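Here is a short briefing on a two-chain model. Look over the sequence and structure, then read on.

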Amino acid sequence: MAGRSNIPANNSALIAIIADEDTVTGFLMAGVGNVDLRKKTNYLLVDNKTTVKQIEDAFKEFTAREDIAIVLISQYIANMIRFLVDSYNKPIPAILEIPSKDHPYDPASDSVLSRVKYLFSADSVASDRR
Amino acid sequence: MAAATAAAEEVLQHMGPVPRVEETNNAAAAEELGGDDEEILRFMDSADGYLLLMDSLSSALRQGWLDLASARHSMGASRVSSTLFDHKEQSAATKLQVVYPADLQASESNPHFSLSKWCLQEESNSSDIVSAQDSATAKLRYRGSAATPDSSNGSDARTAESSTGVDVNSQVQKARSKALSVFGALVSPKLRTAQVSFETALELIVELANARSAILSSFSQINREA
């Protein structure tokens, strides 16, 4: 922390969640739940009635809000809106794909680790040319 | 190109071991390597750390889900449900603090995240008067609970035993029980352990966010140099 300064520190930023019921319940128990004056929450509970459009809208809303620093999204839900998640490349809010109860974490589809894939494919292309 | 993508798939499947191999060669090779290769090594280290943290997060979440399921089993499905969520206006008790490094521009910087659980950091930054007041009220509360021994429960006894840091502990306990109050006054101990598991998961998530930040920063650095 020595090299860091508190220049444009965003004090008290929120964590947003797009996940299944148990995951959302757990994180709300840990104290991340926020409801503002307009009754807008910082979480979206996804069940079998939730449409992809609702997930897309929530993702766009959470990534556009300035008071949110991390967006947690279950990986199987991220797979439903993969085009949106992969095209997102801002440092804040940080998008983190987390495992869910029925779907274990798969590094191959994580948007962050796709950079490793890209780097290695670029390297292998370079080595092919040599 | 097809061969290249196939090779990339193969690398990704073995993504765990690959950075470790690089890491073991790190000490010997670092002297010979240029800045570009050092950046790639840093990138691979960050990716390795990210995967390790994700493993820990999976374990913490699994423990949390198991405890939550146990609590639901003992309390009943209707008492541990999303329908009980409080939709009234409320502020999050656990928040993040984002700090940008001083030497980089805001557009290309890698932000550093830190967790302030149950708003403790904000309160610790305030003056000592507040903590003195809290300790005084805490003492009064113990005297009151000692007068009615029947009403004291396990958590009260535990907090009474630890005389040092009583104010912080009591604040955390108060905030934790407030977060669980939507599920009723008397909740299963498993619900409390689930809460602790998800708190651990949150800590890991913040570390993951920092690892992600490092990956993106190294990646953009490598791309710029290439």
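A residue is called buried if 20 or more other C-beta atoms lie within 10 Å of its own, exposed if 12 or fewer, and partly exposed in between, with C-beta atoms placed from the backbone. By that rule, 25% of the 226 residues of chain B count as buried. This is a predicted model, in which local features need pLDDT of at least 70, side-chain atom pairs count only at pLDDT 80 or more, and totals for chains, interfaces and linings use all residues. Residues are numbered from 1 along each chain as its sequence is written, while chains are lettered from A and ligands numbered from 1 in the order in which they are written.

**Confidence**

- The predictor gives the complex an ipTM of 0.85 and a pTM of 0.74.
- The average pLDDT of chain B (the predictor's confidence in each residue, from 0 to 100) is 71. At least 70 is the score of 60% of its residues.
- Residues 16-24 of chain B stay under 50 in pLDDT. The model has 11 contacts beyond four places in sequence for this stretch. Two residues are in contact if their C-beta atoms, placed from the backbone, lie within 7 Å.
- Residues 122-152 of chain B also stay under 50. Here the model has 14 contacts beyond four places in sequence.

**Architecture of chain B**

- Chain B holds 9 helices and 2 strands. Helices (H or I, at least four residues) and strands (E, at least two) are DSSP runs, numbered from the N terminus.
- Along the sequence the order is α-α-α-α-β-β-α-α-α-α-α.
- Among the contacts of chain B with a separation of 6 or more, 71% join residues 24 or more positions apart.
- β1(B) and β2(B) pair in the antiparallel sense over 5 bridges. Pairing requires that DSSP finds at least two bridges between two strands.
- V99(B) stands opposite H112(B) in β2(B).
- Side chains alternate along β2(B). F113(B) and L115(B) point to one face and are buried.

- How far apart are the end C-alpha atoms of α8(B)? They are 21 Å apart, which agrees with the 21 Å that its 15 residues should span at 1.5 Å a residue. The expected span is 1.5 Å times one less than the number of residues.
- S170(B), R176(B) and A179(B) are buried in α8(B).
- D45(B) is found in helix α4 of chain B. It counts as partly exposed because it has 19 C-beta neighbours inside 10 Å.
- D45(B) and A92(B) are 47 residues apart along the chain, and their C-alpha atoms are separated by 33 Å.

**Interface**

- On chain B, 59 residues are in contact with 55 residues of chain A.
- The elements of chain B that give two or more residues to this side are α1 (2-13), α4 (35-75), β1 (95-99), β2 (112-116), α8 (166-180) and α9 (189-225).
- α9(B) gives the most, with 14 residues.
- This side of chain B divides into 41 nonpolar, 13 polar and 5 charged residues. Ala, Val, Leu, Ile, Met, Phe, Trp, Tyr, Cys and Pro count as nonpolar, Asp, Glu, Lys and Arg as charged, and the others, Gly among them, as polar.

**Nonpolar core**

- The largest nonpolar core has 70 residues. Such a core is a set of buried Ala, Val, Leu, Ile, Met, Phe, Trp, Tyr and Cys residues joined through C-beta atoms within 7 Å.
- I17(A), A69(A), I70(A), L72(A) and I205(B) touch the most other members.
- α9(B) supplies the largest share of this core, 13 residues.
- Leaving aside neighbours within four places in sequence, I17(A) is in contact with V24(A), F27(A), V32(A), Y43(A) and L72(A).

**Local points in chain A**

- I73(A) lies in strand β3 (residues 68-74). I73(A) is buried because 27 other C-beta atoms lie within 10 Å.
- Leaving aside neighbours within four places in sequence, I73(A) is in contact with I18(A), A78(A), I95(A) and E97(A).
- I73(A) and V85(A) are 12 residues apart in sequence and 9.7 Å apart in space, C-alpha to C-alpha.
- I92(A) and P93(A) are joined by a cis peptide bond, with omega about -5 degrees. P93(A) is in the loop between α4 (82-87) and β4 (94-98) of chain A.
- K39(A) is not a glycine, yet has a positive phi of about 65 degrees. K39(A) sits in the loop between α1 (21-29) and β2 (43-45) of chain A. K39(A) is exposed, with 9 other C-beta atoms within 10 Å.
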